[in-house]
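Take a look at the protein below. Some questions and answers follow.

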Amino acid sequence: MRRYIFLLFISTLILSGCQDEMSLNKLSKENCLVVYCLPTTSDTTRIYVSCSIPVTGESAKLESVKISSYVNGHAQKVTFNGEVGLGNRKQLEYYFVKGLRIGDKVGVHAEAENITPVNAETVIPDSALCLSLHMNSLYSYGEPYDQIVLKVKNTPGIPDYFGVRVVGLANTYDGDRDTVYQHSEVEEIKTSTEPVLNNYTLGDLQFDESNTYWGNLYIFDNSSFLKDCDYTLHLNVRSSGYISAYRVELYHLTQEFYKFFKSLNESQNNKIGNYGMSFVLPSYTNFTNGAGVLGGYNVKSTIWIEKK
């Protein structure tokens, strides 16, 4: 399950390229290491490394990278697992095996010949708490929707970061075998109807400015309900006859994870920038001298809720 989630994130991150907060002058002529690592409470942590493509010049070919990783200050045995991706999007995959727990501090250091070494740290957060869950049926602008109502626990006064994904249980009929097969699929949430997902705007109802999210992971922070003990999400999913049930994956994110994905979302949603009317925001990175992200997260799934 978590291996699938991680690969889904990495497949989208490969497409994002090297976007970071370094100056354009530096990016224009220098190679930097791009590292993606999203540790959670699992037995295996994977690290993906590539090289940036300068604005002028060519990307350095990475023959090998020396990776050091630490958990609570203790060095881990890091193993090379081959290459993933193609062409300029090729990455080197490494991993270490250790059961990570809530509160563990994970560090990654990477270095390659003729490229400045990079390093970053993160902490594995505790799991977010779902206080209640139920589902309604409704119509929005003439279309049927299934609304998943999820109450999330908040810690008043402490900035925090979350994410949700709605997973549908799909039923596919095989006429040749007269059999119904079931599989899960990640659903698209109508962001214009949930304030924390659309920045409290009317979204695409007026200006075609609905928010889209990488990998259908819908991230949000608690800045709008910082003083409250909980917040209730209304997640509207277009109703489909072949979906029989839903469950919600509730994520607790570190600030690094949240800021990186937020910057990717902002770049993707910058429709005005696509027409040359504003600058496209660069992506956040917490790797010193490099790009990418080392961001911890924790995820728990709710029970399946059957459609009425």
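**Reading the fold**

Buried residues make up 47% of the 308 residues in the protein; buried means under 20% relative accessible area, exposed over 50%, and partly exposed in between (1.4 Å probe, protein chains only). This is a predicted model, so local features need pLDDT of at least 70 and side-chain atom pairs count only at pLDDT 80 or more, while totals for chains, interfaces and linings use all residues. Residues are numbered from 1 along each chain as its sequence is written, and side-chain values use heavy atoms, with hydrogens and water left out.

Q: How many helices and strands are in the protein?
A: Both are DSSP runs, numbered from the N terminus: helices are H or I with at least four residues, strands are E with at least two. By that count, the protein has 4 helices and 18 strands.

Q: Among contacts between residues at least 6 apart in sequence, what percentage join residues at least 24 apart?
A: Contact means heavy atoms within 4.5 Å. Of the contacts between residues at least 6 apart in sequence, the share joining residues at least 24 apart is 70%.

Q: Which residues have the most contacts inside the largest nonpolar core?
A: A nonpolar core is a set of buried Ala, Val, Leu, Ile, Met, Phe, Trp, Tyr and Cys residues joined through side-chain atoms within 4.5 Å. The largest one has 46 residues. Those with the most contacts inside it are Val 164 and Leu 233.

Q: Which residues does Leu 233 touch?
A: Residues up to four places away in sequence are not counted. Among its partners are Glu 194, Val 196 and Phe 220. Others include Ile 148, Val 149, Leu 150, Val 152 and Val 164.

Q: Which residue in β6 stands opposite Ile 47?
A: Strand β2 (residues 44-51) and strand β6 (residues 91-97) run antiparallel. They are joined by 6 bridges. Opposite Ile 47 stands Tyr 94.

Q: Which residue in β8 stands opposite Lys 105?
A: Strand β7 runs antiparallel to strand β8 (residues 115-123), with 7 bridges between them. Their hairpin has 2 residues between the strands, and Asn 114 takes a positive phi near 65° there. The residue opposite Lys 105 is Val 123.

Q: Which residue in β7 is the bridge partner of Ser 69?
A: Strand β3 (residues 66-71) joins strand β7 (residues 105-112) through 6 bridges. The two strands run antiparallel. The partner of Ser 69 is Val 108.

Q: Is His 74 buried or exposed?
A: His 74 is found in strand β4 (residues 74-76). Its C-alpha atom is separated by 9.9 Å from that of Lys 105, 31 residues apart along the chain. Because its relative accessibility is 55%, His 74 counts as exposed.

Q: How many salt bridges does the structure hold?
A: A salt bridge is a side-chain nitrogen of Lys or Arg within 4 Å of a carboxyl oxygen of Asp or Glu. One of them joins Glu 83 and Lys 90 (3.4 Å, N to O). The structure's total is 5.

Q: Are Arg 165 and Glu 249 buried or exposed?
A: These two form a salt bridge, with the closest N and O atoms 3.0 Å apart. Arg 165 is in strand β11 (residues 161-174) and Glu 249 in strand β15, 84 residues apart. Both Arg 165 and Glu 249 are buried.

Notes: Two strands pair if DSSP finds at least two bridges between them.
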